[in-house]
Amino acid sequence: MIALIWNIALMLIWVALTGSFTAPNLLLGFVLGYLILGLALRDTPEFAKYVGKVPKFIGFIGFFFWELLLSNLKVAYDVLTPTHHMCPGVIAMPLDAKTDGEITIVANLISLTPGTLSLDVSSDRKVLYLHVMYLVDRDAVIRSIKALEARVLEVLR
Amino acid sequence: MIIEWLTGFTIVVGSGFMLVAALGVLRMPDLLTRMHATTKAGVLGAGLIMIGVALHFASGPVLAKAVAIIAFLILTAPVAAHVIGRAGYFMGLSLWDKTTVDELKGRYDEATHTLTSPPDTDTPPDGQGRA
């Protein structure tokens, strides 16, 4: 977190020195700040972790939009063709996310990815109840959601 | 020229997804499956239209607004779907008759507003006593 603030500070310094407050210049400042932090502070654990996180975050955004597109095509196919291919069900998924913030983000992203909708979290925060649209193989569904959760937690922690 | 084509493509495809979302509300058999259709297609449809708008105007302020709108859509749409789906479920709306399993059934205590987890859940060693 502190590393991100430093990166933004360096970006703002770059923008102030070059004197043009535009989107491409902000982006350039951010990239330069990132490279400087990665080179100068690679021995500090806090910053080294941050340097590893940024590419993971960008990769996650790409992965997420791809999943969003796939889920939409699947639902669209079911809406537009006359027969329903669904076999919906409500399942309980054990949660690895611990804090409120983590659970919120994981539940939100699960709602946006293929065929799953978060319904509720149990009061002891151990499981998340999900509505799944294509519940053919329960274990396979849980495994794919756990993979998504692991990727989210990797970026957050 | 290419920008024009891209703008047209994103806006047409985005509107298509919005249409699918609307049709989904009509075609899906129960509340929860309807929420699936509207949440995902709504976010993607509106997001694509905003990308088209940003490409067409190609200016900083419009781009910033488009990014903010997409970010807030992604943040708020699943929350709305969760609240509507949850409320509908606990109000006792019946699920579609082809629903295979329902592990949530009977786990919610209306008097104390607590939701218990299934007894066979693997308890993580550090997950004790969080309530």
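1. B:G16 sits in helix α1 (residues 2-27) of chain B. Helices here are DSSP runs of H or I with at least four residues, strands are runs of E with at least two, and both are numbered from the N terminus. B:G16 is partly exposed, with 16 other C-beta atoms within 10 Å. The scale is simple: 20 or more other C-beta atoms within 10 Å of a residue's own make it buried, 12 or fewer make it exposed, and anything in between is partly exposed, with C-beta atoms placed from the backbone. B:V62 is 46 residues from B:G16 along the chain, and their C-alpha atoms are separated by 23 Å.

2. Some ground rules. This is a predicted model, in which local features need pLDDT of at least 70, side-chain atom pairs count only at pLDDT 80 or more, and totals for chains, interfaces and linings use all residues. Residues are numbered from 1 along each chain as its sequence is written, while chains are lettered from A and ligands numbered from 1 in the order in which they are written.

3. Next, confidence. The model scores ipTM 0.71 and pTM 0.75. pLDDT is the predictor's confidence in each residue, from 0 to 100. Chain A averages 83, and 99% of its residues score at least 70. Chain B averages 80, with 85% of residues scoring at least 70. In chain B, confidence is highest in α1(B), at 89, and lowest in strand β1 (residues 108-109), at a mean of 70. Over residues 123-131 of chain B the pLDDT is below 50, and this stretch has five contacts in the model beyond near neighbours in sequence. Where pLDDT is low, the predicted coordinates should not be read in detail.

4. How is chain A divided? It has domain 1 (2-40) and domain 2 (54-156). These bounds come from an automatic or database domain assignment. The C-alpha centres of the two domains lie 34 Å apart.

5. Chain B has three helices and two strands. From the N terminus on, they run α-α-α-β-β. Of its 131 residues, 29% count as buried.

6. Now the interface. 38 residues of chain A are in contact with 45 residues of chain B. Contact means that C-beta atoms, placed from the backbone, lie within 7 Å. On the side of chain A that touches chain B, α3(A) gives the most, with eight residues. That side divides into 22 nonpolar, 12 polar and four charged residues. Here Ala, Val, Leu, Ile, Met, Phe, Trp, Tyr, Cys and Pro are nonpolar, Asp, Glu, Lys and Arg are charged, and the others, Gly among them, are polar.

7. What does A:N72 touch in chain B? Its contacts are B:F17, B:K40, B:A41 and B:L44, not counting residues up to four places away in sequence. A:N72 lies in helix α3 of chain A. A:N72 is buried, because 24 other C-beta atoms lie within 10 Å.

8. The largest nonpolar core has 48 residues, and A:I91, A:M93, A:L128, A:Y129, A:L130 and B:A41 touch the most other members. Such a core is a set of buried Ala, Val, Leu, Ile, Met, Phe, Trp, Tyr and Cys residues joined through C-beta atoms within 7 Å. Helix α2 (residues 31-57) of chain B gives the largest share, 12 residues. In soluble globular proteins, nonpolar side chains tend to be buried together.

9. Of its 27 residues, 22 are buried, so α2(B) is largely enclosed by the rest of the structure. α2(B) reaches 38 Å from its first C-alpha to its last, close to the 39 Å expected at 1.5 Å a residue. The expected span is 1.5 Å times one less than the number of residues. Just after α2(B), B:A58 takes a positive phi of about 45°.

10. α4(A) has 13 residues and reaches 19 Å, close to the expected 18 Å. Its buried residues are A:V106, A:A107, A:L109, A:I110, A:S111 and A:L112. They pack against α3, β2, β3 and α5 (138-156) of chain A, together with α2 and α3 (60-91) of chain B.

11. Finally, two leucines. A:L130 touches several residues, including A:I91, A:I110 and A:L119. A:L119 lies in strand β2 of chain A. A:L119 counts as buried, with 25 C-beta neighbours inside 10 Å. A:L119 and A:V90 are 29 residues apart in sequence and 8.7 Å apart in space, C-alpha to C-alpha.
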